[in-house]
Amino acid sequence: MPSVPTIAVVDDDQAIREAMDDLIKNFGYQSRLFSSAEEFLDFEPRAEIDCMLVDVKMPGLTGLELLAELNRRGDRPPMIFVTSYDDERTRKAALNGGAFAFLRKPVDVSTLIGCLEAAFSQRP
C-alpha cells in the first residue's frame, strides 16, 4: 500500500501554516509545519518530505535562498512557492532555480491540489 505523501509548509505566518495544514489534511495528505527556512534545514529526515509549499518573504533565509541552499545540498523535493509577493523577477528566479510552481496568495485550492498531485507523480 503506498504511503501518504507528506508536504512541508514553510511560512513565517502562523495563520497561513495552520490554514495550509487544514487544507492538506482535508485532502488526505500529511503535513509538517516550519516557521522558517532555517527550521526546515535543521529538520531530519528531510527525505520523508514529498513536496514543499514555501513562502518567498520570510525573516532570515528567504524562500529563494532556501531553494538555492537545497539545490546546493542536492536531493530536494518539488518546491511550490505560495506567496503574496509576486513580481516577474521573483517568479522567474524561482522557476529558473527549479521551483515546481509559483502560486499567488490567496491560492486557488484546485490549482494547488493539481500542482501537488503533479509534483507527487514526478517523485521516484
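Where is P106 found? P106 is in the loop between β5 (101-104) and α5.

## Basis of the model

This is a predicted model: local features need pLDDT of at least 70, side-chain atom pairs count only at pLDDT 80 or more, and totals for chains, interfaces and linings use all residues. Residues are numbered from 1 along each chain as its sequence is written, and side-chain values use heavy atoms, with hydrogens and water left out.

## Overall fold

The chain has five helices and five strands. Helices (H or I, at least four residues) and strands (E, at least two) are DSSP runs, numbered from the N terminus. Read from the N terminus, the elements run β-α-β-α-β-α-β-α-β-α. The radius of gyration is 13 Å, close to the 14 Å that the globule rule gives for 124 residues, so the chain is as compact as a globular protein of that length. The radius is taken over C-alpha atoms, and the rule is 2.2 Å times the number of residues to the power 0.38. Along its principal axes, the C-alpha trace spans about 40 × 30 × 25 Å.

Contact means heavy atoms within 4.5 Å. Among contacts between residues at least 6 apart in sequence, 58% join residues at least 24 apart.

## Surface and charge

Buried residues make up 44% of the 124 residues. Buried means under 20% relative accessible area, exposed over 50%, and partly exposed in between (1.4 Å probe, protein chains only). The accessible surface comes to about 6,600 Å², and 50% of it belongs to carbon and sulfur atoms. These areas come from the Shrake-Rupley method with a 1.4 Å probe; for residues, only the protein chains shown count as cover.

The chain carries 14 positive and 21 negative charges, and their mean positions are 5 Å apart. Lys and Arg count as positive and Asp and Glu as negative; His and the chain ends are not counted. Each charge is placed at NZ of Lys, CZ of Arg, CG of Asp or CD of Glu.

Helix α1 covers residues 14-26. At 1.5 Å a residue, its 13 residues should span 18 Å; the end C-alpha atoms are 18 Å apart, which agrees. The expected span is 1.5 Å times one less than the number of residues. R17, M20, D21, L23 and I24 are buried in α1. Their cover includes β1 (6-10), β2 (30-34), β3 (51-54), β4 (79-83) and α5 (109-122).

T6 belongs to strand β1. T6 is buried, at 8% relative accessible area. Not counting residues up to four places away in sequence, T6 touches Q30, S31, R32, E48, I49, D50 and C51.

## Loop residues

F27 lies in the loop between α1 and β2. At 41% relative accessibility, F27 is partly exposed. Beyond its neighbours within four places in sequence, F27 contacts V109 and I113. F27 and I113 are 86 residues apart in sequence, yet 8.3 Å apart in space, C-alpha to C-alpha.

P45 sits in the loop between α2 (37-42) and β3. The peptide bond from E44 to P45 is cis, with omega near 5°.

D86 is in the loop between β4 and α4 (88-96). D86 is partly exposed, at 31% relative accessibility. Leaving aside neighbours within four places in sequence, D86 contacts R91, F102 and R104.
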